[in-house]
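Subject: Structure handover

Hello,

Here is the structure I promised you. Please open it, then read my notes below.

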Amino acid sequence: MVINIQDLYKGFGETKVLNGFNLQLMEGENLVLMGKSGSGKSVMIKCLVGLMEPDSGKVEVLGKDISIMKRQELDELRADIGFLFQGSALYDSMTVRENLEFPLRRHTHKFDLKNTDELVLEALNNVGLPHTINMMPAELSGGMQRRIALARALILKPKIILYDEPTTGLDPITAKEIILLMLDIQKKYKTSSLIITHDVDCARVIANRMILLLDGINYAEGSFEELSAANDSKIKAFFK
Ligand SMILES: Nc1ncnc2c1ncn2[C@@H]1O[C@H](COP(=O)(O)OP(=O)(O)OP(=O)(O)O)[C@@H](O)[C@H]1O
Ligand SMILES: [Mg+2]
């Protein structure tokens, strides 16, 4: 098990967001988390990487309890977690190369900066865009930007990748390409992935297992086939 979230509670004043949420990510698995807008998916991810403190509950990543980690330990742990943010979130004023170098410079304990060029090229080749190395994000299409963001998430060879809405805002064909790329990369590096998405087609293709987040809890879990065939009207609503 690479992520273990148990009985997680998080609220803001009167608003209760997570109310005893559980999630386990197994090694090598593609786990899809679905939940409607505002249900607490991003809050959950922030608790997971130590950007937000839960009210209560346990969060273990790669076997370690993150609530007792010191700042430096948390930083080191984050080098093992790739993160594709909601939107591409490339740095607009940096070239593609600089965007990709950014995580390497932040984690010099893990990487020798002498290998930077090699790692940048490998990452770009993985997403099929080596020729964009000196371009600015504004010169790239939305789909290309998403690929570069994916390359950046992968450049540290993370054990876990968190994808927050990887296909949102893309046309269906480009979305499909991104999904296939995610699958390729998962095969090549044997990463474990947690994929947050509203996109039913994305879930169908990529999920080994799914969790539905509803009312602050893991309302239902199972394969795409199991959940999409369920009779419960609350579950059905996810697959419309
Ligand atoms: N820092 C914060 N302070 C106060 N409320 C917050 C904070 N962060 C999130 N919330 C609230 O928590 C709830 C869940 O937000 P969250 O961003 O996790 O939703 P989400 O499931 O990621 O939605 P989306 O699909 O739109 O990204 C929302 O009601 C939001 O207003
Ligand atoms: Mg969100």
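**Around the ligand**

A polar side-chain atom of histidine 198 lies 3.4 Å from an oxygen atom of ligand 1. That is a polar contact (a pair of N or O atoms within 3.5 Å). For valine 43, a polar backbone atom is 2.9 Å from an oxygen of ligand 1. Taken alone, ligand 1 exposes 640 Å², and the protein buries 62% of that (Shrake-Rupley method, 1.4 Å probe).

The residues around ligand 1 include Phe12, Lys36, Gln86 and His198 (a heavy atom within 4 Å). Helix H1 (residues 41-48) gives the largest share of this shell, three residues. Helices are DSSP runs of H or I, at least four residues; strands are runs of E, at least two.

**The sheet**

Four strands form an open antiparallel sheet, ordered S2-S1-S4-S5. Strands pair if DSSP finds at least two bridges between them. Strand S2 (15-25) and strand S5 (64-65) are the edges, each pairing on one side only. Five bridges join strand S1 (residues 3-12) to strand S4 (residues 56-61). Isoleucine 3 has valine 61 in S4 as its bridge partner.

**Ground rules**

This is a predicted model: local features need pLDDT of at least 70, side-chain atom pairs count only at pLDDT 80 or more, and totals for chains, interfaces and linings use all residues. Residues are numbered from 1 along each chain as its sequence is written, chains are lettered from A and ligands numbered from 1 in the order written, and side-chain values use heavy atoms, leaving out hydrogens and water.

Best wishes

Technical notes:
A polar contact is a pair of N or O atoms within 3.5 Å; within protein, one must be able to donate a hydrogen and the other to accept it, and residues adjacent in sequence count only if both atoms are side-chain atoms.
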